[in-house]
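Please load the model in your viewer, colour it by chain, and keep the selection tool at hand. The tour below moves from one selection to the next and says what is to be found at each stop.

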Amino acid sequence: MDKPVPSDTELLALARQFDQQALAQIYDTYSPGLYRYSMRRLSDETVAEDCVAETFSRFLQALKARRGPETFLQAFLYRIAHNWIVDHYRRGPMQPQELTEEHMDENADPEKDTGQRLQKERLQIAIRSLTPDQQQVIALKYLEGWENEDIAHTLKKPAGAIKSLQHRALASLEKILNREEVL
Amino acid sequence: MKKDEMDSRLKNALDDLKNIPPRDPRAAQRGRLVFLHEAAEYRQAVSRKANRRQNWVNSTIYALFQRKERFPMVNSLVAIVLAVVVLFVGSGVTVAAAQGSLPDQALYPLKTWSEDTLLSLTGSTQTRLQYALNFSDRRVVEMTRLVAAGKSIPAGVETRLQNELDQVLELVAGMNDTQALQQMQDIMQRADAQFQTMTTLTSCASGSDGPLLMRAQSRLQEQIQLASIGESDMPGFRMQVRQRFQYRGGAGTLVPGSGSTPGTGGPMSSTPMPRSGGNGNGNSSGSGVYRSTQCQVTIQPTITSVTSQPAQIPGMNQLTATPVYTCTSTPVMNCTGTPMLYRTPGSGGGSGHMP
C-alpha cells in the first residue's frame with residue numbers, strides 16, 4: 001500500500017526539526033515549480049537556479065529562526081522567490097551574456113528568433129513595470145495557472161483584492177504594450 | 001471587439017512566456033544536494049544547542065575545539081589544563097579554525113587530531129557517544145561538501161566514518177540497558193539521515209567515488225539494522241557488537257550486559273532485520289567478507305551438526321523437537337601480513353534455532 005502523502009503541516013512540523021527526508025520531499029515537490037516560475041520571470045537558467053537555491057536557503061533560515069510558515073508552504077516559498085526576483089531587478093542591469101556555441105543552432109531562423117526574443121523581452125519589461133503585487137498576480141495567474149485563492153495566500157490578501165489587482169494589472173499591461181506596439 | 005482581440009493577443013504573448021527550456025537535471029540535483037547539506041548543518045547546530053549547558057568550563061573548551069558545539073560532561077580538570085596548554089602555545093585559534101576544514105585542506109589533520117583528543121579526554125560514556133555521533137555527522141557533511149565542490153573523496157574520510165560508527169556501537173553496547181535504549185533512537189535517526197544523504201551523494205558523485213560511497217552507504221544500513229535490533233533486544237545487540245569487535249581483533253572496552261544472551265539470527269544479513277521477533281537461542285555468528293589494505297578474508301559458515309532438541313512451548317504442556325544447527329565459521333584468507341578485519345555488509349549468516 002502506498003504511504004499517505006504528508007500534508008504541508010506535517011511536513012513543516014518535521015522540517016522544523018530539520019528532518020532530512022521531509023526537507024528532501026519539500027525540495028522535490030516545490031523546486032521544479034519554483035524553477036519554472038523563476039525562469040519565466042528571469043529568462044536566465046543560472047539566475048533562475050540561484051533564485052531557487054536562495055529561496056530554499058531562506059526557508060531554512062526561517063525555520064532556524066522559528067519564523068517559518070505553519071501552513072501554505074507553497075505560498076511562503078513563492079513569496080520568497082518573488083521578493084528575490086524583485087530585488088534582483090532592483091540591484092541593477094543584467095550582465096550581458098557572452099555568445100557561445102551552445103547558442104548556435106544550424107536550423108535556427110535568426111530573424112524570427114530575434115523577433116520572438118525581443119517580443120518576450122518587451123513583455124517581461126512591461127510586466128516588471130507593474131507594481132510588485134501586480135507582477136506576482138500576473139506571474140502566478142497567467143504563467144503558473146494558480147487559482148485566486150492560492151494567490152491570495154501568497155500575497156496575504158483577500159481573494160477579492162486579488163481579482164481587482166488582476167484587472168488593474170491586465171489593464172496596465174495592455175496600456176503599456178499598446179503604447180510600445182509590441183503586440 | 002478590438003478589446004477582445006487585444007486580450008487574446010496578450011494571452012498568446014503570455015503563453016509564449018510559459019515556454020522555457022527544461023531544467024538541467026544535474027543543476028537540479030546539485031541544488032538539492034546543497035540544500036540538504038545546509039539543512040544537515042542546521043540540524044547539527046540545533047541538536048547541539050539543545051544539549052548545551054551554560055558552564056564556563058564547557059564554554060572554554062567549546063571555544064577551543066568546537067566552533068558550534070559545547071560538551072556538557074567533560075572531565076573539568078583535564079579540560080582546564082588542556083585549555084591552558086593550548087592557549088599557552090597560541091594554537092587555540094588554529095584548532096578552532098581547523099574545525100571547518102575539508103579533507104583536502106592543510107588544517108584537516110588538526111581537525112581530526114582535535115576530535116581524537118577530545119574523545120580520549122572525555123570521561124563520560126554518554127558524552128563520548130554524542131561526540132562520536134557528531135563526528136560521524138561531520139564526516140558525512142565533509143563528503144557532501146567535497147561532492148558538491150566536484151572533488152573526489154579521500155578514502156581516509158570513509159574509513160574514519162566507519163571507525164566512528166564502530167565507536168558508537170562499542171560505546172552504546174557498554175552502557176546499561178536503560179541508558180543504551182535512550183541512545184538507540186538517536187543512533188538510528190542519525191544513521192538514517194546519514195544514509196539518506198549518502199544515497200543522494202551516490203547518485204550524483206563522480207564515478208571514482210562510487211565504490212567508496214556505496215561502502216559507506218552499506219555500513220550505514222548495517223548501523224540502522226543493529227540499532228533496530230538494539231531497540232528490541234539489547235542482549236542480542238551486545239552479542240553482535242561483541243562478535244563484531246572480536247572479528248576486528250578485539251576492541252577490549254566492551255562491557256557485556258549478561259553472560260549468555262540470546263542471539264538474533266543473521267546479524268549481518270543484507271535484508272532488513274525485523275524489529276522484534278525472530279529470536280533464537282543459539283549463539284549468532286555472522287559471516288561476510290573482511291577486507292584490509294593487505295588482504296581479504298572470507299568467512300564461510302559451515303553447518304557441522306544438526307540435532308533435535310526438545311523445547312517446551314510456554315503455556316502448553318507439550319514438547320516440540322526443534323532442530324539445532326551448529327555452525328562454525330571458517331576463515332578463508334587471501335593475503336599476507338597481519339589482517340585488519342572489516343566486516344562488509346551484504347553477506348551474512350547466523351546460527352541458532354531455525355524456525
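Which residues of H3(A) are buried? In this predicted model, select helix H3 of chain A, residues 45-64, and show its side chains. The buried residues are A:Ala48, A:Glu49, A:Cys51, A:Val52, A:Ala53, A:Thr55, A:Phe56, A:Phe59, A:Leu60 and A:Leu63. The 20 residues of the helix reach 29 Å from the first C-alpha to the last, which is close to the 28 Å expected at 1.5 Å a residue. Step just past the end of H3(A) and you come to A:Arg66, which takes a positive phi of about 55°.

Now widen the selection to the whole of chain A, which has eight helices and zero strands, so that its elements run α-α-α-α-α-α-α-α from the N terminus on. Of the 183 residues of this chain, 33% count as buried, and among its contacts with a separation of 6 or more, 60% are accounted for by residues 24 or more positions apart.

Next, go to helix H6 of chain A, residues 132-143, and pick A:Leu140. A:Leu140 counts as buried because it has 23 C-beta neighbours inside 10 Å, where the cut-off for a buried residue is 20 or more. Leaving aside neighbours within four places in sequence, display the residues in contact with A:Leu140, namely A:Tyr78, A:Trp146, A:Ile151 and A:Thr154. Then draw a distance from A:Leu140 to A:Tyr37: the two are 103 residues apart in sequence, yet their C-alpha atoms are 8.0 Å apart in space.

Move on to helix H8 of chain A, residues 159-180, and centre on A:Ala169. With 22 C-beta neighbours inside 10 Å, A:Ala169 also counts as buried, and, not counting residues up to four places away in sequence, A:Ala169 touches A:Leu130, A:Gln134, A:Val137 and A:Ile138. A:Thr131 lies 38 residues from A:Ala169 in sequence and 8.3 Å away in space, C-alpha to C-alpha.

From there, select A:Leu173, whose contacts, leaving aside neighbours within four places in sequence, are A:Ala126, A:Ile127, A:Leu130, A:Ile138 and, from the other chain, B:Leu10.

Colour the contact between the chains next, which takes 29 residues from chain A and 27 residues from chain B. On the side of chain B that touches chain A, helix H1 (2-18), helix H2 (25-51) and helix H9 (177-204) each supply at least two residues, and the largest share, 13 residues, comes from H2(B). By class, this side of chain B has 16 nonpolar, three polar and eight charged residues.

For the last stop, stay in chain B and show helix H8, residues 155-173, together with helix H10, residues 210-232, which pack with their axes 10 Å apart and at an angle of about 5°. H8(B) and H10(B) are therefore roughly parallel to each other. Residues making this contact include B:Leu161, B:Leu165, B:Leu169 and B:Val172 of H8(B), and B:Leu212, B:Ala216, B:Arg219 and B:Leu226 of H10(B). The residues of the contact divide into eight nonpolar, three polar and three charged.

Key:
Residues are numbered from 1 along each chain as its sequence is written. Chains are lettered from A and ligands numbered from 1 in the order in which they are written. This is a predicted model: local features need pLDDT of at least 70, side-chain atom pairs count only at pLDDT 80 or more; totals for chains, interfaces and linings use all residues. Two residues are in contact if their C-beta atoms, placed from the backbone, lie within 7 Å. Helices (H or I, at least four residues) and strands (E, at least two) are DSSP runs, numbered from the N terminus. Ala, Val, Leu, Ile, Met, Phe, Trp, Tyr, Cys and Pro count as nonpolar, Asp, Glu, Lys and Arg as charged, and the others, Gly among them, as polar. Axes are lines fitted to C-alpha atoms, for helices over the stretch in contact, and angles run from 0 to 180 degrees between N-to-C directions. Angles under 35 degrees count as roughly parallel, over 145 as roughly antiparallel, 65 to 115 as roughly perpendicular and the rest as oblique. The expected span of a helix is 1.5 Å times one less than its number of residues. A residue is buried if 20 or more other C-beta atoms lie within 10 Å of its own, exposed if 12 or fewer, and partly exposed in between; C-beta atoms are placed from the backbone.
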